[in-house]
Amino acid sequence: MDSAEFHAAVYETVRLIPPCRVTSYGHIAKLIGMPNHSRHVGQALKFLSPNTNPPVPWHRVIGASGAISSRGPGTQGAQRQAEALTAEGIEVSTGRTGDLRIDFSSWGWFPQPGEITREGGREYEPEEVAS
DNA sequence: TCATTGACAAAGG
DNA sequence: CCCTTTGCCAATG
């Protein structure tokens, strides 16, 4: 599997995340079958151009700690992601250090690699996704 | 080529 | 909880 296929696999998998649910980079990597490529899931999302068709709900992917990953000092990417999540109805809280976090016990989505279509994996209409 | 960078994760203290 | 260390590997310079 080359990198282009990897990126495509990431997008397809992220697209399966139901609304009002979030998962982690590492779990996406696991679902693809490459559990040690969590960092590259983030890269794939970074390369994602806005307004893709079909839409990819990139905002539903956060770090395994439950925190929205920083895009680096002085950037607003994390804030934008938080806005997209709250717009969906997901609660985003702010920790002491100003980190944006989400409660996995309430919003987490971590299916095993076989039970995806059963659980609720379906495709979403463009208007359902902010992107 | 070689070195550095990450939208990461798990384990240890 | 927090912080540090270690493993990871495509992309970037």
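**Note on a predicted protein–DNA model**

1. Read along the sequence, chain A runs α-β-α-α-β-α-β-β-α-α, which amounts to 6 helices and 4 strands. Helices here (H or I, at least four residues) and strands (E, at least two) are DSSP runs, numbered from the N terminus. Of the 131 residues in chain A, 41% are buried; buried means under 20% relative accessible area, exposed over 50%, and partly exposed in between, with a 1.4 Å probe and protein chains only.

2. This is a predicted model, in which local features need pLDDT of at least 70 and side-chain atom pairs count only at pLDDT 80 or more, while totals for chains, interfaces and linings use all residues. Residues are numbered from 1 along each chain as its sequence is written, chains are lettered from A and ligands numbered from 1 in the order in which they are written, and side-chain values use heavy atoms, with hydrogens and water left out.

3. DNA strand B has 15 residues around it, and Tyr-25, Gly-26, Arg-39, Ala-64 and Ser-69 come nearest. A residue counts as near a strand if one of its heavy atoms lies within 4 Å of it. Helices α2 (25–32) and α3 (38–47) each supply at least two residues of this surface, and α3 gives the most, with 6 residues. By class, the surface near DNA strand B has 4 nonpolar, 8 polar and 3 charged residues. In this classification Ala, Val, Leu, Ile, Met, Phe, Trp, Tyr, Cys and Pro are nonpolar, Asp, Glu, Lys and Arg are charged, and the others, Gly among them, are polar.

4. Polar contacts (pairs of N or O atoms within 3.5 Å; within protein, one must be able to donate a hydrogen and the other to accept it, and residues adjacent in sequence count only if both atoms are side-chain atoms) reach both bases and backbone of DNA strand B. The side chain of Arg-39 has an N or O atom 2.6 Å from a base nitrogen, and a polar side-chain atom of Ser-38 lies 3.4 Å from a base oxygen. At Ala-64, a polar backbone atom is 2.7 Å from a phosphate oxygen.

5. The residues around DNA strand C are Ser-3, Asn-36, His-37, Arg-39, His-40, Gln-43 and Phe-47. Sugar or phosphate accounts for 64% of the atoms of DNA strand C within 4 Å of the protein, and bases for the rest. Helix α3 provides the largest share of this surface, 4 residues. An N or O atom in the side chain of Asn-36 is 3.0 Å from a phosphate oxygen of DNA strand C, and one in the side chain of His-40 is 3.1 Å from a sugar or linking oxygen. Arg-39 places a polar side-chain atom 3.5 Å from a base oxygen of DNA strand C.

6. Thr-23 is in strand β1 (residues 23–24) and counts as buried because its relative accessibility is 0%. The side chain of Thr-23 reaches the backbone oxygen of Trp-109 at 2.9 Å.

7. A search of the whole structure finds 1 aromatic pair. Phe-104 and Phe-110 form this pair, edge-to-face, at 5.0 Å centre to centre and 80° between the planes. Rings of Phe, Tyr and Trp (its six-membered ring) pair if their centres lie within 6.5 Å; planes under 30 degrees apart are stacked, over 60 edge-to-face and the rest tilted. Phe-110 counts as partly exposed because its relative accessible area is 38%.
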